[in-house]
Amino acid sequence: MRIGAIEAGGTKFVCGIGNEHGQISESISFPTERPEETMPRVIAYFKDRQPEAIGIGSFGPIDLHPGSPGYGSITTTPKPGWAHYPLLAELKRHFDVPYGWDTDVNAAACGEALWGAARGLGSCAYFTIGTGVGVGVYAGGRPVHGLVHPEGGHIPVRRHPEDGFPGACPYHGDCLEGMAAGPALEARWGVKGPQLPADHAAWTFEAYYVAQAVTAAVLMLSPEKVILGGGVMQQPQLYPLIRQEVQRSLNGYVDALDLTVGIDGYIVPPGLGGQAGLYGALALGLQALEASGQKV
Ligand code: ADP
Ligand code: ZN
């Protein structure tokens, strides 16, 4: 079985071929330029490989409503050339196969639920803390959609009492992304995240904000696993700080062992590492093939 997987990121595109067992046999990656440059590369890659279905996890926001004229497009991104770009329609012109289409973070949540840290569980929340902050939600065996799709990166957060940074989100200023994404770290401290020492106050602030979002996810969604990925989470000291802060803010209110003695196994890095998005796209492709009635 040959399933195409596309992780359409704001920084890079990753395309790969995988199978129904969650094995990816090959992949390539290239920087995200304007669609006129990037999409021909995607199409050329799959032309040579003829997948039976294609799954796409895309940067967003995206249109996920099957009945909408804009279904399958990216909507309001500031990324040059991509606002309202009909990504799915462009692929359909070249490949007549079933398609799975979702946000990059919902895809990653699916990948983690099928083959990663949340394997065997019915629900998880996947956070990426990178250039932006995104939150994907998997529940009841599928990614969560509704009015649009979850946008947990932009929830309001309570300001750390010692943090004078105004916030970097162009829409909200000091929302979660505005306070905790990689560019906010850099703007606040004057150096990029990787250059900050492990014992720097930056990580106390970072954990304070990320923990608020995790607490909100626990209280609103009750996920069976919380997975924290993205470039900023490559700072391993953040995990214990975040777990501690989540326990402090929940203060014993939610009665679950996973939040007390089991917290080290509850708030975890992606089981699929940096490839959660690509595996997630594979999961979406497989689901699309199943939904089309073809035997998987
Ligand atoms: P993207 O969000 O663009 O897909 P990443 O998840 O790699 O990409 O996130 C990139 C952001 O993460 C940048 O702001 C970068 O400075 C930050 N970052 C990358 N590696 C680290 C690290 N080891 N420690 C802290 N911040 C990091
Ligand atoms: Zn915001």
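These notebook entries record what I looked up in this structure, which is a predicted model.

**Entry 1: the zinc site**

I began with the zinc ion (ligand 2) and asked which atoms coordinate it. The donors are ND1 of H154, SG of C169, ND1 of H172 and SG of C175, at 2.1 to 2.4 Å. I then looked up the geometry: the angles among the four donor atoms are 104 to 118 degrees, and the site is tetrahedral. For reference, I noted that the ideal angle for four tetrahedral donors is 109.5 degrees.

Along the sequence, the donor residues follow the spacing H-x14-C-x2-H-x2-C. H154 and C175 both lie in the loop between strand 8 (142–143) and helix 4 (176–180), so this pair ties together parts that are 21 residues apart in sequence.

C175, at 2%, counts as buried.

I followed strand 9 (226–229) in more detail. Strand 9 runs parallel to strand 6 (residues 123–129), and four bridges join the two. Within this pairing, T128 has G229 of strand 9 as its bridge partner. With strand 10, strand 9 pairs in the parallel sense over two bridges, and I227 stands opposite V268 of strand 10.

I then looked up where the side chains of strand 9 point. V226 and L228 point one way, I227 and G229 point the other way, and all are buried. From strand 9 the chain passes through helix 7 to strand 10, and I recorded this β-α-β crossover as right-handed.

**Entry 2: Q237**

The loop between strand 9 and helix 7 (238–250) holds Q237. Is Q237 buried or exposed? Its relative accessible area is 18%, so Q237 is buried; the cut-off for buried is under 20%.

I looked up its surroundings as well. The side chain of Q237 makes a polar contact of 2.9 Å with the side chain of Q235. Leaving aside residues up to four places away in sequence, Q237 touches A198 and W203.

**Entry 3: strands 4 and 5**

Strand 5 pairs with strand 4 (residues 53–58) in the parallel sense, over five bridges. One bridge that I looked up joins S58 to T103 in strand 5. Between these strands the chain crosses through helix 2 (residues 87–92), and this β-α-β crossover is right-handed.

**Entry 4: L114**

Last, I located L114 in helix 3 (residues 104–115). L114 has a relative accessible area of 29% and is therefore partly exposed. Setting aside residues up to four places away in sequence, I found that L114 touches R119, Y138 and A283. I also noted the separation between the C-alpha atoms of L114 and H21, which is 9.7 Å, although the two residues are 93 residues apart along the chain.

Key: Residues numbered from 1 in each chain as written. Chains lettered and ligands numbered in written order. Predicted model: local features only at pLDDT ≥ 70, side-chain atom pairs only at ≥ 80, totals over all residues. Heavy atoms only, no water. Buried < 20%, exposed > 50% of the residue type's maximum accessible area, 1.4 Å probe, protein only. Polar contact = N/O pair within 3.5 Å; in protein donor to acceptor, adjacent residues only side chain to side chain. Contact = heavy atoms within 4.5 Å. Pairing = 2+ DSSP bridges. Right-handed = clockwise from strand over helix to strand, strands pointing away. Donors = N, O, S within 2.8 Å, 3.2 Å for Na, K, Ca; no water. Tetrahedral: all angles 85-135°; square planar, octahedral: opposite > 155°, others 65-115°.
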